[in-house]
Amino acid sequence: MLANFITKHKFNLSGLVLILPFVFFYQSLTPEFPPMWDKRVLGPFEVTIMPYNLDQPYSHHGVNVKDFMLFFNQDQVQTIRQAYVNIGSSALPVSEFHKFHEGILHGSRHGKEVHALAPEVITKQDQLWLTIENWQGETFLTSWPIPDSITQ
Amino acid sequence: MAKPNYKLWFKLHGYCSLPIWIIFCFVCITGTIAVVSHELTWLTNPNSRASNPEQLSAKPTAELVQIVESAYPTADINSVLAFESYLVNAVIFTDKDHPFAIAYVNQYTGEIQEVNNGITFINFMRSLHSWLLFPWHVNFSVGYYLVCFMALVMMGALVTGLVIYKKFWRSFLTPTLRFHQGKKTFITDLHKLSGVWSLWFLLLMSLTGLWYLVQAIYWHMDIEIEPEVPSVAIAKVTENNQAPAPEVTLQQAIDIVKQKHASFEPTYVMLPEHHRDSYKIMGRGDHVFYDEYAYSLAVDPGTGEVVHELTPENMNTLQTIAHIADPIHFGYIGGLWTKILWFFCGILISGMSITGFLIWNSRQKKVAQRVKTQINDEDTNLEGLNHVS
């Protein structure tokens with residue numbers, strides 16, 4: 001019975017793939033993101049951070065990066081001259097970040113994002129480091145432990 | 001010269017298209033709609049129309065940005081897109097209550113005609129056609145590969161079709177479409193006629209489709225086709241802890257590009273996203289075959305220096321192909337008239353996948369009927385033999 005059905009409709013079966021665009025369209029309208037990490041206060045800045053997914057870093061222009069969204073207290077975000085994120089055992093100096101296009105916070109006042117510089121594989125020993133410099137040249141640093149859902 | 005094995009080529013023709021005929025048909029139909037998606041938007045959404053009853057000249061891009069900033073004082077403008085002259089410009093911004101918004105600004109009157117918070121019909125159709133809305137995993141999408149694979153299938157069907165259709169060129173001189181000799185004859189004639197008359201179109205679609213496949217592999221392998229725009233020097237620290245105003249305004253940056261390229265018209269302008277970023281200004285020039293982003297320049301907001309410049313004059317082969325593929329694939333190479341031609345050819349090849357399947361189906365029915373008759377005959381003969389014995 002089933003074999004007969006499959007034989008009869010063998011060239012129509014691939015059409016079932018077209019159910020997927022409807023599923024993906026629904027998913028795009030109702031996106032789900034990993035939970036936000038704890039809020040950190042560094043100087044005048046209050047920051048929360050959220051990874052876009054729980055995947056390991058990917059290669060972008062030959063550099064390993066992982067994407068995050070950052071939310072700041074609105075009134076202070078305008079005072080950021082430059083801010084950078086990296087994942088590793090320590091924070092990279094700002095001069096090191098200047099060698100890359102990635103790692104710098106970008107976006108609007110309403111939401112910043114970053115392609116954080118990262119090792120090929122994130123381990124339990126790594127932390128996420130956020131370095132902010134304001135327009136007066138003061139530097140602020142904070143870090144988050146990486147949740148087990150991301151580390152290997 | 002040895003005669004081709006027509007039976008084998010016929011089978012190959014079927015293998016190329018039949019197993020995926022529904023997906024192929026869907027990709028063709030969505031592509032056909034995508035070709036005229038700008039015009040459908042104009043027809044269905046009055047807010048998208050750039051009406052210009054007083055025949056005013058278009059306002060500069062920087063002025064459109066100012067108009068949106070005045071209407072939404074807390075907004076941060078991200079980019080500005082210009083389309084055909086009969087469509088509004090799109091000013092993309094974020095705001096307190098808009099994580100992503102598109103302001104439809106009439107470039108002649110300066111009126112904000114709509115603020116769209118989500119998906120546009122144009123982007124939806126492009127995404128549906130190009131990757132079937134499959135998710136992107138950073139630099140690849142299974143759907144994008146699946147659609148690109150259709151280029152191989154199309155090329156295979158085209159070559160095998162030309163082999164099995166003996167003297168196909170006669171269809172150009174004496175096109176035949178027999179209406180009164182049964183459904184099967186009509187469908188077969190229609191399939192062959194559509195195929196011959198859309199030969200050039202099938203070839204263009206498969207070649208550009210093969211390019212998209214190559215491009216997908218480049219993206220997936222993280223091999224850059226176009227160089228990254230370099231970062232610029234950051235402005236000096238300030239006493240008031242606020243960012244200084246940029247030395248070069250957006251309009252000045254666009255004027256710098258226009259000074260270098262007299263025929264330049266901006267189509268996509270991105271404002272700096274951080275303080276080491278530049279104005280990224282893309283547009284079209286007087287090169288007929290190139291897309292609307294053929295000129296891509298970056299201007300340092302601190303110095304006015306052009307820090308990146310990619311134009312048809314300095315593009316390498318891959319970059320040139322990347323910038324001529326879209327106008328050929330989506331038919332906007334010659335404006336509205338080529339879009340209309342592409343739309344009709346799109347309908348032809350969408351129909352060919354259906355007629356191809358119907359031809360195969362009627363053959364299957366015929367074979368099944370023949371087998372049934374044969375079995376009945378054998379049964380009758382056996383019964384006859386039993387009676388005799």
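Predicted model: local features only at pLDDT ≥ 70, side-chain atom pairs only at ≥ 80, totals over all residues.

Modeller: Happy to. The axes of H2(B) and helix H3 (residues 37–44) of chain B cross at roughly 65° and come within 5 Å. On the H2(B) side, the residues that meet H3(B) are Ile33(B), Ala34(B) and Val35(B). Their partners in H3(B) are Ser37(B), Glu39(B) and Leu40(B). Sorted by class, this contact has four nonpolar residues, one polar and one charged.

In all, 46 residues of chain B are in contact with 40 residues of chain A. The area buried between the two chains is about 3700 Å², and carbon and sulfur atoms give 61% of that. Three residues stand out here: Glu228(B), Asn241(B) and Arg276(B) supply 17% of the area that chain B buries against chain A, more than any other three residues.

What about specific links across the interface of chain B and chain A? The rule finds 23 residue pairs in polar contact there, both residues being at pLDDT 80 or more. Helix H2 (21–35), strand S2 (89–95), helix H5 (121–131) and helix H12 (336–388) of chain B are the elements that each give two or more residues to the side touching chain A. Of that side, H2(B) provides the largest share, four residues. By class, the residues on the side of chain B that touches chain A divide into 27 nonpolar, nine polar and ten charged. The count of salt bridges between chain B and chain A is one. In that salt bridge, the side chains of Asp76(B) and Arg109(A) meet at 2.7 Å, N to O.

Back within chain B, another helix pair is worth a look. Helix H8 (residues 183–197) and helix H9 (residues 199–220) of chain B have axes that come within 4 Å and cross at roughly 65°. Gly195(B), Val196(B) and Trp197(B) of H8(B) make this contact with Leu199(B), Trp200(B) and Leu202(B) of H9(B). The contact has five nonpolar residues, one polar and no charged ones.

Trp197(B) brings us to the aromatic rings. A search of the whole structure finds 25 aromatic pairs over all chains. One of them is the edge-to-face pair of Phe172(B) and Trp197(B), at 5.6 Å centre to centre with 65° between the planes. Phe172(B) lies in helix H7 (residues 170–173) of chain B and Trp197(B) in helix H8 of chain B, so this pair ties together parts that are 25 residues apart in sequence.

Notes:
Residues numbered from 1 in each chain as written. Chains lettered and ligands numbered in written order. Heavy atoms only, no water. Contact = heavy atoms within 4.5 Å. Buried area = accessible area lost by both parts, 1.4 Å probe. Salt bridge = Lys/Arg side-chain N within 4 Å of Asp/Glu carboxyl O. Polar contact = N/O pair within 3.5 Å; in protein donor to acceptor, adjacent residues only side chain to side chain. Nonpolar A, V, L, I, M, F, W, Y, C, P; charged D, E, K, R; others polar. Axes fitted to C-alpha atoms, helices over the stretch in contact; angles between N-to-C directions. Phe/Tyr/Trp six-rings, centres within 6.5 Å; stacked < 30°, edge-to-face > 60°.
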